[in-house]
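The following note sets out points for a colleague examining this model.

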Amino acid sequence: MTTEVKFYFDFLSPFSYFAWRSLPAKLPPHCHVSFLPVALGPLLNHWGIKGPGEVQPKREFLLKQMLRKSVREGFPFTTPKTHPFNSLFAQRLALKEVAGVQQGAVIKTLWLAGWEKRIDMGNPDELLAALREAGLPADELYEKSFSAEAKKALKTNIAEALAYGVFGVPSFVVNDELFWGEDSLPELVSFVQGQDVLDRAKFQELISQTPRAAGQSL
C-alpha cells in the first residue's frame, strides 16, 4: 500500500531546498511524495508569524547554518541573486496543474537555478531561461502558469496547508500528521515506517495542562 507524503514548499525557503535534495532518498519505497507549492507569506500572515529573514540575528545565524550544512553534506549552495523575492512566478510554474508529468524536472531546474546558480528567482525572464536551458517547454509552461486553473491550484494548496495547521515551510503531512522543517525528516521517516516514538497520551495530557504563551514585558 502506497503512503502519500505531502511536501509543502516555497522556493523562497533554503530549508525547503535542503529537504527537496534529501527527502525522496530517505523515504522507504512504499512512500510517494506529492510536491505542493505554496506561498509562505499567506501562511505566516495567517498565524501572525514573522519570516526568518525579518529578524536580523536569525537571518545571519540561519545563513551560517546553511553554509555549514552544505559543506558537511557536500553539495553546492548559494542564495538567489535577490532574497527575499516574489516567488509566485516560480511557485505556479512548479504546480502539477501546470507542469504535469514534467513537474519533477521543473522543480529540479528551478531549485538548482536559484540556490546553486544564483539566478534572480523573482524575474520571469531568468526563470524561463533556466527552463529552456534544461530543455523544458518554457513558453508553454509560462502561459499555463497564468491560467485561472493555476491560480486556483496555488490557492487550494495554501488553503489545504492551513487546514493541516502548516505554519512554515518545508512542511510534510502524512495521514494528517504534520512535520515541520528539514530537521524533522528523521521523525517523518520513523512515522512512515510505523516506528513513531511519540507518546500521544502524554502529549494530550501536557497540551491540555500547558497554557498558551502570554506576552511578557520586562
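1. Asp 176 is located in the loop between S3 and S4. The model is a predicted one, and in it Asp 176 adopts a positive phi of about 70° although it is not a glycine. Its relative accessibility is 60%, above the 50% cut-off, and Asp 176 therefore counts as exposed.

2. Arg 118 also deserves a look for its backbone. Its phi is near 65°, a positive value in a residue other than glycine. Arg 118 belongs to the loop between helix H6 (103–115) and helix H7 (124–133). With a relative accessible area of 39%, Arg 118 is partly exposed, since that class covers values between 20% and 50%.

3. The sheet should be read next. Its four strands are arranged in the order S2-S1-S3-S4, forming an open sheet with mixed pairing. Strand S2 (31–37) and S4 are the edge strands, each of them pairing on one side only. From one strand to the next, the twist averages 25°.

4. S1 and S2 are paired in the parallel sense, over seven bridges, and Lys 6 stands opposite Ser 34 in S2. Strand S1 (residues 3–9) pairs with strand S3 (residues 171–174) in the antiparallel sense, over three bridges. Tyr 8 has Ser 171 as its bridge partner in S3.

5. Two helices may be viewed against this sheet. H10 packs on the sheet, where it touches S1, S2, S3 and S4, and its direction makes about 10° with that of S3. Helix H1 (residues 14–26) lies across S1, S2 and S3 and runs at about 155° to S1. As for S1, the strand is mostly covered, with six of its seven residues buried.

6. Where does Glu 182 lie? Its place is the loop between strand S4 (177–180) and helix H10 (185–192). Its relative accessibility is 9%, below the 20% cut-off, so Glu 182 counts as buried. The side chains of Glu 182 and Lys 69 are joined by a polar contact of 3.2 Å. Not counting residues up to four places away in sequence, Glu 182 touches Phe 15, Phe 18, Ala 19, Ser 22, Lys 69 and Pro 170.

7. The peptide bond from Val 169 to Pro 170 is cis, with omega near 0°. Pro 170 is situated in the loop between H9 and S3.

8. A cis peptide bond is also found from His 83 to Pro 84, with omega near 5°. Pro 84 is placed in the loop between H3 and H4.

9. Phe 85 lies in the loop between helix H3 (56–73) and helix H4 (88–93). Is Phe 85 buried or exposed? At 10% relative accessibility, under the 20% limit, Phe 85 counts as buried. Leaving aside neighbours within four places in sequence, Phe 85 is in contact with Phe 11, Leu 12, Pro 80, Met 121 and Gly 122. Leu 12 is 73 residues from Phe 85 along the chain, and the C-alpha atoms of the two are separated by 7.1 Å.

10. The last point concerns a helix pair. The axes of helix H2 (residues 40–47) and helix H9 (residues 148–163) come within 10 Å and cross at roughly 35°. The crossing of H2 with H9 is right-handed. From H2, the contact is made by Pro 42, Leu 43, His 46 and Trp 47, and from H9 by Ile 158, Ala 161 and Leu 162. By class, this contact of H2 with H9 has six nonpolar residues, one polar residue and no charged residues.

Conventions. Residues are numbered from 1 along each chain as its sequence is written. This is a predicted model: local features need pLDDT of at least 70, side-chain atom pairs count only at pLDDT 80 or more; totals for chains, interfaces and linings use all residues. Side-chain values use heavy atoms; hydrogens and water are left out. Buried means under 20% relative accessible area, exposed over 50%, partly exposed in between (1.4 Å probe, protein chains only). A polar contact is a pair of N or O atoms within 3.5 Å; within protein, one must be able to donate a hydrogen and the other to accept it, and residues adjacent in sequence count only if both atoms are side-chain atoms. Contact means heavy atoms within 4.5 Å. Axes are lines fitted to C-alpha atoms, for helices over the stretch in contact, and angles run from 0 to 180 degrees between N-to-C directions. A crossing is left-handed if the near helix is turned anticlockwise from the far one by less than a right angle, and right-handed if clockwise. Ala, Val, Leu, Ile, Met, Phe, Trp, Tyr, Cys and Pro count as nonpolar, Asp, Glu, Lys and Arg as charged, and the others, Gly among them, as polar. Two strands pair if DSSP finds at least two bridges between them.
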